[in-house]
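Please read the report below alongside the sequence and the model. It goes from one chain to the other and then to the place where they meet.

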Amino acid sequence: MLEIKNLHVSVEGSEILKGLDLTVDPGEIHAIMGPNGSGKSTLSHVIAGRDGYEITGGRIIFQGEALTGMEPEERAAKGIFLAFQYPVEIPGVANTTFLKEALNSIRRYRGEDELDAMQFVKMMRKKTEELNISDDMLKRAVNVGFSGGEKKRNEILQMAVLNPSLAILDETDSGLDIDALKIVAEGVNKLRSPDRSMLVITHYQRLLDYIIPDKVHVLAHGKIQRTGGKELALELEEKGYAEFDEAAA
Amino acid sequence: MTKTTSPLAFVDSFDDERTGLPGIDLPWLKTLRRDGIERFKGLGMPTPKLEAWKYTRLKPLEDTSFQPVTDEDGMAALDHVPSLLPDPGGRPRLVFVNGRMRPNFWIEGDLPDGVHLDCLRDVLLRAPDWAESYIGSLTGEDAAALVQLNTAMMDTGFALRVDPGVIVETPIEVVYIGGLTDRPVAYFPRNLIVLGEGAQATVVKHHVGMGVGAYFANAVTEIDIAQGARLNHYEVQAESRDATHLGAVNVRVAKDATYDSFTLSIGGRLSRNEVSVRLEGQGAHAGVNGAYLMRGSEHCDNTTRIEHLAPNTSCREIFKGVLDDQSRAVFQGRIVVNREAQGTDGHQLCKTLLLSTGAEIDAKPELEIYADDVKCSHGATTGQIDETALFYLRSRGIPEALARNLLVQSFLGEALEEIADENIREAFTNKVLHWLPAACFLSEEWRDA
């Protein structure tokens, strides 16, 4: 599904990722954990294709295709989805309009028929019911006046509608209390599927109590320092990231 | 080949008995015109030496020798009327082409009793005394040069009079079509809107260019709103890209009356909308709003003056602009609060989105406050498309051009929301959407947002 080889990424001349390797197979959930400033967000943004990140070496292969040079919308159409740490507010644009534009853009790209208003409403009703999300959230402007929890649930709803093969959850737990976290995790778990891989990026272990990963990687100083099973997260919770600071020092 | 240095050479040979001028047999109007031309000659065309014209230069006009319109210009072939609102149906509509009223496109509509809508020529014939009491009453003798010019040259326009207590539900549309001539022309609309006590009306003006040539429109609108009355005054300036549009609106708002306006500027090589509102009675309110969308080398100037002259008056002023390419815009918003105007509540905001590094805005908010008990806020900001928001939309599969459009639409939403009438808000939003680049991506649902 996703294969990253010896990836080097610089932002404004300073190297953030320094030879990162990562392989995610279909249906797997991988957690990327690491201290602040280790390059977690850079990794998620660079996979999604954000401007401002310079790939100075290595490559990212998604479903057998190199992503380098591909526009973000093209990556989305090919099945990559990034759930933002801080979802953006867009006043004056209704959530439902936004979702329909996104879905139909992707369908257009893939050469599929666009959904008309009726088909879209029907599909949305199904998705919101599955995820227990109220219609009210669809009518409101994108993320405007949403609570932290609502914003993250909206990300999960977008994921459900766009149905990606690779979902990257960038610090989805940040700013959420435990109840909101459980609701969001429940949504994510409903979207687990043998065809969908997920990359869960987090600083804390607690999200992984609810979204159980197949593998846990520790990212520090721009590289994967260690890989293990879900028990690695518990170990990190106990010991912290000090060990990796020392390793690099 | 002769070359002239004055853009309005015919002003020098001003003739108040020129055939075709409305009301040539009215002595008072003749005097008014003569005074106007004398004052205009004394003042001359505005230059950047005047504070109010520091950012807008009329010099480019000098390259063109404009001629007065003739009846023939007014009869230019027209296969459709660019109405702002879909399907006029029973809606009243007046249509002018190059300053000439076209009776065949006039829809009288189902206006209630007590509403009088005429073109200037007819009102000077039918109600000269009424016209005399209003024309020039709001602009005053010491009006600026371009108003004086209009007073001298007024050759077209409309008059709307709504009797006390009469409520007009349907919007009245006035379409001014420019262009469609083979030489540069100038025309001078003079409009009057007078609402009696407690009356209500909505007027939509559509200035639109249909040809390709240069023309010059110098419009003045005088508006008198009596106690408890309400006027919704909406305007779209969509002149052609070689056109010059200089408009002035002078408004008097009485006790507990409301003037609510929105001006959308999406065309013209050079345009200026000058609005002056006097809140003369307690509880009077003015909403002076607008949006400007410019590209190429277009220049748009919104200059407003809102005077609070009585206690507990309020105003709200929201202007939003989107500038692309090498376009320029000017916003000069002055709010004056007189000593008597205690309890004034004023809010002014001007925000501009620059889509190109070559675009430029000069924003000058000015508050002049002489009363103590006043709540007044103002702000002016300039920015670019938010890159994070752009990435957010694109990461959802929305192509860049469409994503930019959504963000521009989102930006303008705050201003368009000021339009109280839902149908008109939709029509204006539509205009905005079709202005945007990559409008081909538009889907109907955008309007629901």
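## Helices lying on the sheet of chain B

In chain B, helix H8 lies across E13, strand E15 (285–294), strand E17 (314–323) and strand E19 (344–354), and H8(B) runs at about 160 degrees to E17(B). Helices (H or I, at least four residues) and strands (E, at least two) are DSSP runs, numbered from the N terminus, while contact means heavy atoms within 4.5 Å. Axes are lines fitted to C-alpha atoms, for helices over the stretch in contact, and angles run from 0 to 180 degrees between N-to-C directions. Helix H9 (residues 422–435) of chain B lies across strand E9 (200–209), E11, E13, E15 and E17 of chain B, running at about 15 degrees to E11(B).

This is a predicted model, in which local features need pLDDT of at least 70 and side-chain atom pairs count only at pLDDT 80 or more, whereas totals for chains, interfaces and linings use all residues. Residues are numbered from 1 along each chain as its sequence is written, chains are lettered from A and ligands numbered from 1 in the order in which they are written, and side-chain values use heavy atoms, with hydrogens and water left out.

## The sheet of chain B

The open sheet in chain B has ten strands in the order E3-E2-E6-E9-E11-E13-E15-E17-E19-E21, with mixed pairing. Strand E3 (100–101) and strand E21 (374–383) of chain B stand at the edges, each with a single partner strand, so one side of each has no neighbour in the sheet. Two strands pair if DSSP finds at least two bridges between them.

Within this sheet, strand E11 (residues 230–238) and strand E13 (residues 258–265) of chain B pair in the parallel sense over eight bridges, and B:Gln237 stands opposite B:Ser265 in E13(B).

## Two helices of chain B

Helix H7 (residues 387–394) and helix H8 (residues 400–416) of chain B pack at an angle of about 125 degrees, with their axes 9 Å apart. H7(B) and H8(B) are therefore oblique to each other; angles under 35 degrees count as roughly parallel, over 145 as roughly antiparallel, 65 to 115 as roughly perpendicular and the rest as oblique.

On the H7(B) side, B:Ala389, B:Leu390, B:Leu393 and B:Arg394 meet B:Glu400, B:Ala403, B:Arg404, B:Leu406 and B:Leu407 in H8(B). The residues of this contact of H7(B) with H8(B) divide into six nonpolar, no polar and three charged, where Ala, Val, Leu, Ile, Met, Phe, Trp, Tyr, Cys and Pro count as nonpolar, Asp, Glu, Lys and Arg as charged, and the others, Gly among them, as polar.

## The sheet of chain A

In chain A, four strands form an open sheet in the order E2-E1-E4-E5, and the pairing is antiparallel. Strand E2 (14–24) and strand E5 (65–66) of chain A stand at the edges, each with a single partner strand, so one side of each is left without a neighbour in the sheet. Strand E1 (residues 2–11) of chain A pairs with E2(A) in the antiparallel sense over eight bridges, and A:Ser10 stands opposite A:Glu15 in E2(A).

Helix H1 (residues 40–48) of chain A lies across E1, E2 and strand E4 (54–62) of chain A, running at about 110 degrees to E1(A).

## Helix H3 of chain A

H3(A) and helix H4 (residues 117–131) of chain A pack at an angle of about 110 degrees, with their axes 11 Å apart. H3(A) and H4(A) are therefore roughly perpendicular to each other.

## Where the chains meet

In this model, 35 residues of chain A are in contact with 22 residues of chain B. Chain A and chain B bury about 2400 Å² between them, 62% of it on carbon and sulfur atoms; buried area is the accessible area (1.4 Å probe) that two parts lose on being put together, summed over both.
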